[in-house]
Amino acid sequence: MINLQGKDILHGAQFSREELERIMDVADMFRNQLETRPSLDYLHGYILAALFFEPSTRTRLSFETAMHRLGGSVVGFSSAESTSVTKGETLEDTIRTVDQYVDFIAMRHPALGSASRAAEIAKAPVLNGGDGAGQHPTQALLDLYTVRSERGQIDGTTLVLCGDLKNGRTVHSGVEVYKHYQVRLVFVAPEQLRMPAVITARLKSLGIQFEETDDLTNALKKADVLYMTRIQKERFTKAEDYERLKDSYILTRQMVENLNPKVVTLHPLPRVNEIATDVDTLPGAAYFRQARNGVYIRMALLALIAGKIQ
Ligand code: NCD
């Protein structure tokens with residue numbers, strides 16, 4: 001039995017394999033329950049604060065949808081401009097205040113480590129929806145869950161992670177959950193955007209095998225799952241560096257059809273140019289199903305954290 005009651009969700013490395021399996025099983029349960037009714041009442045009367053200091057579409061709206069589908073309600077904001085941050089309020093004071101109102105705090109903030117800072121202050125469990133180029137653990141969970149739902153199992157999968165591995169927080173959290181499974185990891189990035197050395201060193205010390213390359217074509221041939229990511233424009237200090245690297249990888253329908261028609265393609269979204277839109281209608285293009293899975297995974301987390309399910 002696992003126990004997530006009252007826990008913060010801050011980092012991809014915090015989960016055991018047993019916890020990952022349980023969260024995904026609960027997500028499956030909610031997916032099934034929602035087939036026959038629009039919403040459930042596990043969290044009736046509970047309130048989630050969705051504090052988004054940085055832009056978001058899927059993470060915020062799927063947290064909110066998850067809460068509503070569980071019978072709870074939501075307060076919050078979707079940009080710091082509408083809050084007292086513009087008057088000079090610190091993150092700490094904003095969190096201390098919101099903590100007086102709600103039962104859970106889901107947040108996204110540009111500063112690395114911001115969710116952990118909030119969790120130290122708040123009594124309410126904090127769910128990290130992205131802290132700068134740091135972590136995005138709930139995305140990693142829904143990515144893992146999508147691999148499982150698309151392929152039936154995770155063990156035995158060759159996973160190719162491609163794009164901005166330096167700044168992409170979804171892949172930073174992703175490797176921390178994939179490492180619990182028998183997967184082959186291939187990191188595809190331009191030299192300047194490779195997976196941070198702290199992460200690769202950690203994987204090495206844990207005995208996790210991975211390969212690094214800048215060659216998407218070759219990696220695609222052996223992929224069961226291709227996880228494309230956006231070059232993270234907002235993390236670049238020089239515009240010319242972004243301009244040079246922004247179109248490093250563009251997946252086309254022809255590439256998939258010629259090199260690996262069975263590949264499952266994932267993307268945390270938003271996409272900019274890295275997946276041509278004519279890939280969308282291929283059977284393995286799973287990125288919008290992946291977005292939907294975000295609701296089930298976040299429902300599972302909220303219900304487990306509230307202790308409504310063990
Ligand atoms: C990602 C993020 O915000 O890190 N988006 C998301 O949450 N689905 C990926 C991205 O912005 O590139």
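Here are some questions and answers about the sheet, cavities and pockets of a predicted model.

Visitor: What should I know about the numbering and the ground rules?
Guide: This is a predicted model, where local features need pLDDT of at least 70, side-chain atom pairs count only at pLDDT 80 or more, and totals for chains, interfaces and linings use all residues. Side-chain values use heavy atoms, with hydrogens and water left out, and residues are numbered along each chain as its sequence is written, from 1.

Visitor: In what order do the four strands of the open sheet run?
Guide: Strands here are DSSP runs of E with at least two residues, helices are runs of H or I with at least four, and both are numbered from the N terminus. Two strands pair if DSSP finds at least two bridges between them. Strand S2 (73–77) and strand S4 (126–131) each have a single partner strand, so they stand at the edges. The pairing is parallel, and the order is S2-S1-S3-S4.

Visitor: Which residue in S2 is the bridge partner of leucine 48?
Guide: Strand S1 (residues 47–52) pairs with S2 over five bridges, in the parallel sense. For leucine 48, the partner in S2 is valine 74.

Visitor: Where does the largest cavity lie, and why?
Guide: A cavity, on a 1 Å grid over the protein atoms alone, is a set of points where a 1.4 Å probe fits but cannot get out; lining residues have an atom within 4 Å of a point. Points are joined across faces, edges and corners, and volume is the space filled by probe spheres set on them, which gives about 50 Å³ here. Domain bounds come from an automatic or database assignment. Both domains line this cavity, so it lies between domain 1 (12–135 + 293–305) and domain 2 (137–290).

Visitor: Which helix gives the most to that lining of the largest cavity?
Guide: Helix H2 (58–69), helix H5 (137–151) and helix H11 (287–305) each supply at least two residues. With four residues, the top giver is H11.

Visitor: How many charged residues line the largest pocket?
Guide: A pocket is an open set with protein on both sides within 12 Å along at least five of seven lines, and the largest holds about 430 Å³. Asp, Glu, Lys and Arg count as charged, Ala, Val, Leu, Ile, Met, Phe, Trp, Tyr, Cys and Pro as nonpolar, and the others, Gly among them, as polar. The lining has four nonpolar and 10 polar residues, and the charged ones number seven.

Visitor: Which helix gives the most to the lining of the second largest pocket?
Guide: This pocket has about 220 Å³ of space. H2 and H11 each supply at least two lining residues. With five residues, the answer is H2.
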